[in-house]
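Colleague: I would like to learn how to read the features of a fold one at a time, with the general idea stated before the particular case. Could we go through the model together in that way?

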Amino acid sequence: MFIELDKINKFFGDYKALDNVSMYFRSGEIVGILGENGAGKTTLLNIVYGLYRPDSGIISIDGERLRYITPRYSVNKGIFLVQQFPRLIETMTGLENLVLLLNERREDVRKLLDEYSDRFKIYVDYNKKVSDMTLIERQKLYTLMSLIQNAKMILLDEPNTLLTNDLEYIDFLRRFSREHEGGVVICSHK
């Protein structure tokens, strides 16, 4: 997978969040985007994932040139955004969240979670209610959900706690990029 951004601009009112940003991400690499709060890192990831539309510029994904993309397009291409605070239904378990997402039988989803946990060595108690999970557990669950949906590029928005306190996850990122030819983009202010 190859994602290229060419002269991306984004305004929020009079505030210019992104000013002619050009960069690329490709499979098999881990890329860091560093900058202070308010530097436009999250805005950039939201454009790559399709939550925001750029005001100008071109996005190319595997050679297809686009003015903007949608989250559905991103997911179909294997691009997933793991937000700092993943959007999950708090009153449900991790397993129930994935059953709802995939619209599959509970036992089939449980088998998928076990299979992908073992394959990628990411472990989280998916029988817990999301409200009882730590932030790290939520981010791991969301990552597993992405992998089950055939993630090729994982965009991590401010995963600081996850990356500084969880060597298992760091090892996963290395394996995902090397062994599975996945791409990883990490946005951080640290």
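Colleague: How is a sheet read, and in what order do the strands of the open sheet lie?

Modeller: In general, the strands of a sheet pair through backbone hydrogen bonds, and the pairing is either parallel or antiparallel. In this predicted model, four strands form an open sheet with antiparallel pairing, and their order is β2-β1-β4-β5. The edges are held by β2 (15-26) and β5 (64-66), each of which pairs on one side only. From one strand to the next, the twist averages 20°.

Colleague: Within that sheet, how many bridges join β1 to β4, and which residue of β4 is the bridge partner of L5?

Modeller: Strand β1 (residues 2-12) and strand β4 (residues 56-61) run antiparallel and are joined by five bridges.

Colleague: Which strands pair with β8 in the parallel sense?

Modeller: Strand β3 (residues 30-34) runs parallel to β8 and is joined to it by five bridges; in this pairing, I33 has C187 as its bridge partner in β8. Strand β7 (residues 153-157) also pairs with β8 in the parallel sense, over five bridges, and here M153 stands opposite G183 of β8.

Colleague: Are the residues on the two faces of β8 buried or exposed?

Modeller: Strand β8 (residues 183-188) is mostly covered, six of its six residues being buried. Taken face by face, G183, V185 and C187 lie on one side, while V184, I186 and S188 lie on the other, and all of them are buried, so that both faces are covered.

Colleague: Turning to helices, how is a packed pair described, and at what angle do α4 and α5 pack?

Modeller: Two packed helices are described by the angle between their axes and the distance between the axes. Here, helix α4 (residues 106-120) and helix α5 (residues 135-148) pack at about 100°, with their axes 10 Å apart. Angles of 65 to 115 degrees count as roughly perpendicular, and α4 and α5 are therefore roughly perpendicular to each other.

Colleague: Which residues of α4 and α5 meet?

Modeller: From α4, the residues are L112, L113, Y116, S117 and F120, and they meet L144, L147 and I148 of α5. By class, the residues of this contact comprise seven nonpolar, one polar and no charged.

Colleague: Finally, how does the radius of gyration of the protein chain agree with that of a compact globule?

Modeller: The protein chain has seven helices and eight strands. For 190 residues, a compact globule would have a radius of gyration near 16 Å, and the 17 Å of the protein chain agrees with this. Along the principal axes, the C-alpha atoms fill a box of roughly 45 × 30 × 30 Å. Buried residues make up 50% of the 190 residues. Among contacts with a separation of 6 or more, 64% are between residues 24 or more positions apart.

Conventions. Residues are numbered from 1 along each chain as its sequence is written. This is a predicted model: local features need pLDDT of at least 70, side-chain atom pairs count only at pLDDT 80 or more; totals for chains, interfaces and linings use all residues. Side-chain values use heavy atoms; hydrogens and water are left out. Axes are lines fitted to C-alpha atoms, for helices over the stretch in contact, and angles run from 0 to 180 degrees between N-to-C directions. Angles under 35 degrees count as roughly parallel, over 145 as roughly antiparallel, 65 to 115 as roughly perpendicular and the rest as oblique. Contact means heavy atoms within 4.5 Å. Ala, Val, Leu, Ile, Met, Phe, Trp, Tyr, Cys and Pro count as nonpolar, Asp, Glu, Lys and Arg as charged, and the others, Gly among them, as polar. Buried means under 20% relative accessible area, exposed over 50%, partly exposed in between (1.4 Å probe, protein chains only). Two strands pair if DSSP finds at least two bridges between them. The radius of gyration is taken over C-alpha atoms; the globule rule is 2.2 Å times the number of residues to the power 0.38.
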